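Colleague: I have a model open on my screen and would like to go through it with you. Could we take it topic by topic?

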Amino acid sequence: MATASCATGDSSSTPKHSNGHASPLDLLRRFHKLQAARVEGYGLFEDAFNTFIAGAPLYDFNAYKQRVAEITISFKKISEEIIHIKNSLRDTHNKGEIAAIIEKVQELEETKLKSTADLQISRKNASDDPSDEVIQQEITALHFKLDDLAQEINEALEDLKFESEDLYAQEMEDETSR
């Protein structure tokens, strides 16, 4: 069984710029690693729910609750580190546009997590009463909402890629001139 925590790594291991701070590019790379860990966390969240729902009608709510608590702690650590990255990009490196996109991703991810939890509750209710049309409609609506959120997150990540292209170009110039 997979562990419930997503490795967020140690932000102190992020390479430091000559001013003692991580460079904007290093911060972006860390953000992308954290975003990948968040995706992994959603997989763990879904696995925990599937294990829980498979026990119907004798649900092991305590085991599910424990796994969700562990996953939530991991999501919280990821979120806190991403907020630190956003603030550092904005305040230390004057990269407000990039920080704003990261903030948008954070907001979308917060909505996605809540919607995912809502979907799991609706799916559990549907397993208890499969003939309830209202619950089936809720599930369909939540699936559409999650699809839309995934699309918005992907669009924001594309915006981030385009907004940060100059950072990658600068790194390549620096490496070429060495």
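Modeller: We can go through the charged pairs, the helices, the loops and a pocket in turn. Please bear in mind that this is a predicted model.

Colleague: How many salt bridges does the structure hold?

Modeller: There are eight salt bridges in the structure. In general, side chains of opposite charge can pair when their charged atoms come close.

Colleague: What is the N to O distance between Glu81 and Arg30?

Modeller: The side chains of Glu81 and Arg30 form a salt bridge with an N to O distance of 2.6 Å. This pair links distant parts of the chain, since Glu81 belongs to helix α2 and Arg30 to helix α1, 51 residues apart.

Colleague: Are those two buried or exposed?

Modeller: Both Glu81 and Arg30 are buried.

Colleague: And which residue does Arg29 pair with?

Modeller: Arg29 forms a salt bridge with Asp26, at 3.7 Å from N to O. Both residues lie in helix α1, which covers residues 24–54, and they are three residues apart, about one turn of the helix.

Colleague: Why is Asp26 classed as buried, and why is Arg29 classed as partly exposed?

Modeller: Asp26 is called buried because its relative accessible area is 16%, and the limit for that class is under 20%. Arg29 has a relative accessible area of 33%, so Arg29 is partly exposed.

Colleague: Where do Asp118 and Lys114 lie?

Modeller: Asp118 and Lys114 are both in helix α3 (residues 96–128), four residues apart, which is about one turn of the helix. Their side chains meet in a salt bridge of 3.0 Å, N to O. Asp118 is partly exposed at 27% relative accessible area, whereas Lys114 is exposed at 54%.

Colleague: Changing topic, how far apart are the end C-alpha atoms of α2?

Modeller: They are 45 Å apart. At 1.5 Å a residue, the 32 residues of α2 should span 46 Å, so the two values agree.

Colleague: Where is Arg67, and is Arg67 buried or exposed?

Modeller: Arg67 sits in helix α2, residues 61–92. Arg67 counts as buried because its relative accessibility is 14%. The C-alpha atom of Arg67 is separated by 9.7 Å from that of Asp47, a residue 20 positions away along the chain.

Colleague: What about the loops? Which peptide bond is cis?

Modeller: The bond from Ala56 to Pro57 is cis, with omega near 0°. Pro57 is in the loop between α1 and α2.

Colleague: And what is the phi of Asn94?

Modeller: Phi of Asn94 is near 55°, a positive value in a residue other than glycine. Most residues other than glycine have a negative phi, and most peptide bonds are trans. Asn94 is located in the loop between α2 and α3, and Asn94 is exposed, with a relative accessible area of 67%.

Colleague: Finally, what is the volume of the second largest pocket?

Modeller: The volume of the second largest pocket is about 210 Å³. The pocket is lined by 13 residues, and those closest to its centre are Arg38, Ser79, Gln106, Glu109 and Glu110.

Colleague: Which helix gives the most to that lining?

Modeller: Helix α3 gives the most, with six residues, and α1, α2 and α3 each supply at least two. By class, the lining has seven charged, four nonpolar and two polar residues.

Definitions and conventions
Residues are numbered from 1 along each chain as its sequence is written. This is a predicted model: local features need pLDDT of at least 70, side-chain atom pairs count only at pLDDT 80 or more; totals for chains, interfaces and linings use all residues. Side-chain values use heavy atoms; hydrogens and water are left out. Buried means under 20% relative accessible area, exposed over 50%, partly exposed in between (1.4 Å probe, protein chains only). A salt bridge is a side-chain nitrogen of Lys or Arg within 4 Å of a carboxyl oxygen of Asp or Glu. The expected span of a helix is 1.5 Å times one less than its number of residues. On a 1 Å grid over the protein atoms alone, a cavity is a set of points where a 1.4 Å probe fits but cannot get out, and a pocket is an open set with protein on both sides within 12 Å along at least five of seven lines; lining residues have an atom within 4 Å of a point. Grid points are joined across faces, edges and corners, and a volume is the space filled by probe spheres set on the points. Ala, Val, Leu, Ile, Met, Phe, Trp, Tyr, Cys and Pro count as nonpolar, Asp, Glu, Lys and Arg as charged, and the others, Gly among them, as polar.
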